[in-house]
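Please look at the structure shown here with its charged side chains in mind. The paragraphs that follow lead through some of the pairs that these side chains make.

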Amino acid sequence: MALDLVSIAQPHYIPGYTGHCPEYKYRIGDTYGSTTHKILLDPSVQHSERLVLSDRTADDFQIYRPAQNEIDIVNARFRNGDPVYKHPMIPGYEGFLPRLNAHFGQRYTVSATEALSEFQRLQLNQRAARNQLERVVSLQAGKGQPWDLVDRFSATAEFKLPLVVVRPECAGILRDLPMDEPKLSPASHSVSPYFMENDDPDKFIKKGFSGHVPYGFQRFGESSKKLTNSALCDFSSNYRRRQSTEWAPVNVVKPDPPLSINPTEIYHKHVGMLPNYAGHVPGCVFRFGKTYGNDTRDAKRWLRGDFTS
């Protein structure tokens, strides 16, 4: 329980405590502290006999994070030549920390130290395994003397290191060389039923689909397969008809600009001005509905008395 220890005579839950409070949802009309105080002192309410379930006094079994051995590992790494990582890591460091994403729920300093110690232990284990492998190779080649029983068994093992390639045709696989593989054709169900042909037998929506079925609101009295097939066929036919008529691209014929443009001329007759031009354009403030480039084409027509838009 999260209790307020300032006054043991009036125990209550600290406001903001999100754990379980027995029969709290049946009490109304008081503040959180007053309600929980009455609940804790009510003999008819079943709760723990101890008002404080967690003993906050320090003892021999108190857990401190990070552990001292993890701090020693990080500091040893720093003494061995790593100038970046050292305990404690200051919060706000934006550089890379190995294995930090695997630790969460703790302060930054604790998570950083535990991640660095874990990374250092992995490196030491991998280094020890590599050294052991090199020692086995040297023992089997007769370049060293066995130190213990494990070295003797390694020197007389059936399989010698480095391993000999017995299937040269598989060397490309072992060396991660690229190989030509046949391309996989897409599955037949990858085509959406909305755009299948009308005579396709799979043009329907499976039973249980809770999404929107176009043109399906006005159909009833049929099975799900027939109803959705009829609705999708109407949708596809209407979509293709509108795609070829209403949504067809419009070809706009415009006169080609002249091949040569006088660079000293400000208002060109066949070419509009750049949108970032901040100078005066005759009659521009009285026209609207066009882009800046189309509106500024032949801008001097306003001076000639041509007020058409």
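**Salt bridges in the model**

Asp42 and Arg27 form a salt bridge, their closest N and O atoms being 3.1 Å apart, where a salt bridge is a side-chain nitrogen of Lys or Arg within 4 Å of a carboxyl oxygen of Asp or Glu. Because Asp42 lies in the loop between helix H1 (32-41) and helix H2 (68-79) while Arg27 lies in the segment before H1, the pair ties together parts that are 15 residues apart in sequence; helices (H or I, at least four residues) are DSSP runs, numbered from the N terminus.

This is a predicted model, in which local features need pLDDT of at least 70 and side-chain atom pairs count only at pLDDT 80 or more, whereas totals for chains, interfaces and linings use all residues. Residues are numbered from 1 along each chain as its sequence is written, and side-chain values use heavy atoms, with hydrogens and water left out.

Asp42 is partly exposed at a relative accessible area of 22%, as is Arg27 at 28%; here buried means under 20% relative accessible area, exposed over 50%, and partly exposed in between (1.4 Å probe, protein chains only).

Elsewhere, the side chains of Asp234 and Arg219 meet in a salt bridge of 1.9 Å, N to O. Asp234 lies in helix H6 (residues 224-244) and Arg219 in the loop between helix H5 (171-174) and H6, so this pair ties together parts that are 15 residues apart in sequence. Arg219 is buried, with a relative accessible area of 19%.

Technical notes
Helix = DSSP H or I, 4+ residues; strand = E, 2+ residues; numbered from the N terminus.
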